[in-house]
Amino acid sequence: MKINDENLIDQLRNRNEKALDYLIDRYGNLLLKVSYSVLKDREASLECMNDSIFKIWNNIEAFSGEKSKFINWIVVITKRAAIDELRKRDKKVITALEELIVGEEQDFHKQLENKEIIDRLVKEINKMEEVSKEIFLRRFFMDEAIKDIAEKLEISVSAVSNRILRGRKKLEVLFREEVI
């Protein structure tokens, strides 16, 4: 079946992956521009666009408007996702500044060492399989509950827990090897 604007919403609801491809091809640039207008950062905007497409895919049942309103709906989702990302960024900067000011018991070198560890950790997480990476980011960076992650990714709670356990073990081994 050929996907077009007329059947896109129905095909997204039917979980047709070709509809997802069509959504990206047809509206990806629009969503990228919307996220960039808020974030002013290409890499963050691409990530936001991907998150928005993921939200559209997972929440298509919530769209109850006319087909002509679909573009407005996906733009609003993207803009809200970009604003949320901007807030998270601002919150991280504020938290980091507060820790720097308040955390006088930690010397500057200790804080720099912690940042290096976090950067290394993020690099290792980015090397993980997509599902595992998604789980780690949601659990440890977005602070989502395991149950919520399982629902969003449509896998069992035990599968999420197992991936976290295996991922942690791998990371512990990597970091232990670096210390030795």
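Two rings of Phe, Tyr or Trp, taking the six-membered ring of Trp, form an aromatic pair if their centres lie within 6.5 Å. The exercises below use this rule and others on a predicted model.

**Exercise 1. Overall layout**

Task: Describe the secondary structure of the protein chain and state how far the model can be trusted.

Solution. 
- Step 1. The protein chain has eight helices and zero strands. Along the sequence the pattern is therefore α-α-α-α-α-α-α-α.
- Step 2. Of the 180 residues, 30% count as buried.
- Step 3. Among contacts with a separation of 6 or more, 54% are between residues 24 or more positions apart.
- Step 4. The mean pLDDT of the chain is 82, and 82% of its residues reach 70 or more. Among the elements, α1 has the highest mean pLDDT (94), and helix α5 (residues 108–126) has the lowest (69).
- Step 5. Where pLDDT is low, the predicted coordinates should not be read in detail.

**Exercise 2. The aromatic cluster**

Task: Classify the ring pairs Y27–F70 and F63–W73, and say where their residues lie.

Solution. 
- Step 1. A pair of aromatic rings is described by the distance of the centres and the angle of the planes. The pairing rule gives a count of four aromatic pairs.
- Step 2. For Y27 and F70 the centres are 6.3 Å apart and the planes are at 70°, so the pair is edge-to-face; the cut-off for this class is over 60 degrees.
- Step 3. Y27 belongs to helix α2 (residues 17–39) and F70 to helix α4 (residues 70–102), so this pair links distant parts of the chain, 43 residues apart. Y27 and F70 are both buried.
- Step 4. For F63 and W73 the centres are 5.2 Å apart and the planes are at 50°, so the pair is tilted.
- Step 5. F63 is in the loop between α3 (42–59) and α4, and W73 is in helix α4, so this pair ties together parts 10 residues apart in sequence. F63 and W73 are buried.
- Step 6. Y27, F63, F70 and W73 form one aromatic cluster.

**Exercise 3. Helix α3**

Solution. 
- Step 1. An α-helix has 3.6 residues a turn, so residues three or four places apart point the same way.

**Exercise 4. Around N16 and W57**

Task: Is N16 buried or exposed, and which residues does N16 contact, leaving aside neighbours within four places in sequence?

Solution. 
- Step 1. N16 is placed in the loop between α1 (8–13) and α2.
- Step 2. The relative accessible area of N16 is 18%. The limit for buried is under 20%, so N16 is buried.
- Step 3. With neighbours within four places left aside, N16 is in contact with I3, Q11 and W57. The side chains of N16 and Q11 make a polar contact of 2.9 Å.
- Step 4. W57 also has R15 over the face of its ring, at 4.7 Å from the ring centre.

**Exercise 5. Two residues with positive phi**

Task: Where is K40 found, where is E154 placed, and what is phi in K40 and in E154?

Solution. 
- Step 1. Most residues other than glycine have a negative phi, and most peptide bonds are trans.
- Step 2. K40 has a phi near 55°, a positive value in a residue other than glycine. K40 is found in the loop between α2 and α3.
- Step 3. The relative accessible area of K40 is 57%, so K40 is exposed; the cut-off is over 50%.
- Step 4. E154 is not a glycine, yet its phi is positive, at about 55°. The place of E154 is in the loop between α7 (146–153) and α8 (157–179).
- Step 5. At 59% relative accessibility, E154 counts as exposed.
- Step 6. E154 and N58 are 96 residues apart along the chain, and their C-alpha atoms are separated by 9.8 Å.

Definitions and conventions: Residues numbered from 1 in each chain as written. Predicted model: local features only at pLDDT ≥ 70, side-chain atom pairs only at ≥ 80, totals over all residues. Heavy atoms only, no water. Phe/Tyr/Trp six-rings, centres within 6.5 Å; stacked < 30°, edge-to-face > 60°. Helix = DSSP H or I, 4+ residues; strand = E, 2+ residues; numbered from the N terminus. Buried < 20%, exposed > 50% of the residue type's maximum accessible area, 1.4 Å probe, protein only. Lys NZ or Arg CZ within 6 Å of the ring centre and 35° of its normal. Polar contact = N/O pair within 3.5 Å; in protein donor to acceptor, adjacent residues only side chain to side chain. Contact = heavy atoms within 4.5 Å. pLDDT = per-residue confidence, 0-100.
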